[in-house]
Amino acid sequence: MKIAIIGGGPAGLMAAEAASTAGAQVDLYDAMASVGRKFLLAGKGGLNLTHSEPSEKFLTRYGTRRVQIEPLLASFGPAALRAWARGLGINTFAGTSGRVFPKDLKAAPLLRAWLRRLRQTGVRFHMRHRWTGWDEQGMPLCSTPDGNRSVQADAVVLALGGGSWPQLGSDASWVPLLAGRGVHIAPLQPANCGFNVGWSEHFRAKFAGHPVKSVAIVMQSHTGTESWHPGEFVITETGVEGGVIYSVSASLRDEILAKGLATLRLDLTPDRDLPRLTHDLSRPRGKRTMATHLQRQAHIEGVKAGLLREVVSKEDFADPARLAAAIKSLPLKLVAPRPLEEAISTAGGVPFEALDERLMIRSLSGVFCAGEMLDWEAPTGGYLLTACFATGRAAGVGAVEWLGKTVKCGLGK
Ligand SMILES: Cc1cc2nc3c(=O)[nH]c(=O)nc-3n(C[C@H](O)[C@H](O)[C@H](O)COP(=O)(O)OP(=O)(O)OC[C@H]3O[C@@H](n4cnc5c(N)ncnc54)[C@H](O)[C@@H]3O)c2cc1C
């Protein structure tokens with residue numbers, strides 16, 4: 001049985017491993033000169049493979065897609081993933097936040113060991129093969145440096161990634177190819193992304209590149225309940241970006257889509273409550289400047305003071321109670337998410353509703369999908385890779401099972 005995997009990111013490589021282990025002859029095709037480029041980039045800041053939090057909490061990270069992802073994680077979840085890495089000689093550890101990393105934090109040693117093992121099990125790699133559509137027989141067609149080439153396989157797993165960081169290979173060029181075969185694709189959108197604010201020239205020139213530390217974002221749900229997200233972020237030339245922003249970016253993006261604007265509420269002094277802050281700021285200022293008063297009484301200086309000056313009116317600045325309220329809930333108007341190309345990940349893609357339980361496209365017999373090209377999203381924290389590995393494994397196993405059980409009537413028919 002011959003299975004073609006198109007796309008050599010973590011999802012495609014895992015599909016290749018699963019199918020090859022189950023006895024299939026696996027050929028893996030990728031548009032780039034080497035596989036796993038985004039995976040290697042992910043390793044630059046410390047490869048966050050998965051998360052060690054309890055399964056119930058872990059599953060909530062997939063939002064409404066929990067229903068579809070849960071059974072896949074039951075087969076290959078965080079613990080299985082860590083054991084799998086150990087099998088490649090890569091031990092992992094959970095940091096204080098619960099995030100799980102390889103001992104040396106890097107992606108390259110893991111990828112090297114993995115590729116070695118895949119080659120040993122007989123997986124054949126075909127680089128610079130860009131999938132461009134289907135030939136007259138309905139087989140996948142790739143453009144290669146030697147011209148067009150049809151892929152000969154009994155089943156195909158597409159693991160083509162989302163649309164972020166297209167320079168690393170996943171450029172979403174698959175969207176019109178699948179849409180052209182009648183597969184409904186949920187529009188691709190940036191996930192775990194930054195936002196445009198529209199800073200004043202003065203603020204941008206002075207603070208672009210500055211980190212804003214020890215803050216919290218206060219989010220309000222439709223029902224009015226507040227959630228509190230501590231962390232840090234960076235002021236960029238155009239707006240805001242970074243860890244705590246990513247953690248709430250999905251709902252901010254959706255709010256902008258619905259209303260044209262979203263308001264981010266920042267708590268600049270998470271360790272001091274409003275009554276205490278109001279009391280501290282109400283102390284007599286004497287001859288001290290407002291900047292010194294803020295620094296002494298509230299430890300607000302530098303970029304935090306700059307943010308206050310950027311957002312708060314002169315009148316509110318002069319009133320200790322109103323100033324304290326602004327410090328505890330500073331409204332930042334977000335006008336647009338940053339483009340998909342810059343995002344960490346992609347929302348949207350092939351909806352699970354278009355797939356069967358083996359991740360085969362219902363309307364394209366023998367064509368399976370895995371990884372970030374599926375319509376799910378999750379925050380950073382290892383949840384992205386975990387679901388890519390789990391869906392890759394499910395699609396690889398699914399293709400083998402389907403071939404074992406099905407009298408084929410032809411790929412993609
Ligand atoms: C800066 C950064 C840091 C990240 N850090 C983390 C992290 O620490 N933890 C975490 O969980 N996630 C992280 N992620 C996200 C994670 O890397 C991705 O979710 C994951 O790589 C997606 O895997 P995938 O296999 O679905 O797609 P990809 O890794 O995007 O792989 C898709 C592959 O398909 C190939 N391809 C695309 N189109 C074609 C075509 N037409 N023909 C042939 N081949 C094609 C591409 O060349 C590529 O090799 C990070 C992402 C970024 C950008």
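Reader: What volume does the second largest pocket have?

Author: About 220 Å³. This is a predicted model, where local features need pLDDT of at least 70 and side-chain atom pairs count only at pLDDT 80 or more, while totals for chains, interfaces and linings use all residues. Residues are numbered from 1 along each chain as its sequence is written, and side-chain values use heavy atoms, with hydrogens and water left out. A pocket here is an open set of points on a 1 Å grid over the protein atoms alone, where a 1.4 Å probe fits and protein lies on both sides within 12 Å along at least five of seven lines; lining residues have an atom within 4 Å of a point. The volume is the space filled by probe spheres set on the points, which are joined across faces, edges and corners.

Reader: Which residues lie nearest the centre of the second largest pocket?

Author: Lys213, Ser214, Leu268, His299 and Lys304, out of 15 lining residues. Strand 13 (211-220) gives four residues, the largest share of that lining, and helix 13 (302-311) supplies at least two. Both are DSSP runs numbered from the N terminus (helices H or I, at least four residues; strands E, at least two).

Reader: On to the open sheet of five strands: what is its order?

Author: In general, strands of a sheet pair through backbone hydrogen bonds, either parallel or antiparallel. Here the order is 6-2-1-10-20, with parallel pairing (a pair needs at least two DSSP bridges). Strand 6 (124-126) and strand 20 (367-369) are the edges, each with a single partner strand, so one side of each has no neighbour in the sheet. Strand 2 (residues 25-29) and strand 6 share three bridges, and Leu28 has Phe125 in strand 6 as its bridge partner.

Reader: And how many disulfides does the count give?

Author: A disulfide is a covalent bond between the sulfur atoms of two cysteines. With the cut-off used here (a pair of cysteine sulfur atoms within 2.5 Å), the count is zero. For Cys142, the nearest cysteine sulfur belongs to Cys369, 15 Å away. Cys388 has its closest cysteine sulfur in Cys369 too, at 13 Å, which is too far for a bond.

Reader: Is Cys142 buried or exposed?

Author: Buried, because its relative accessibility is 0% (buried is under 20% relative accessible area, exposed over 50%, partly exposed in between, with a 1.4 Å probe and protein chains only). Cys388 is buried as well, at 7%. Phe317, in helix 14 (residues 314-318), is also buried, at 6%.
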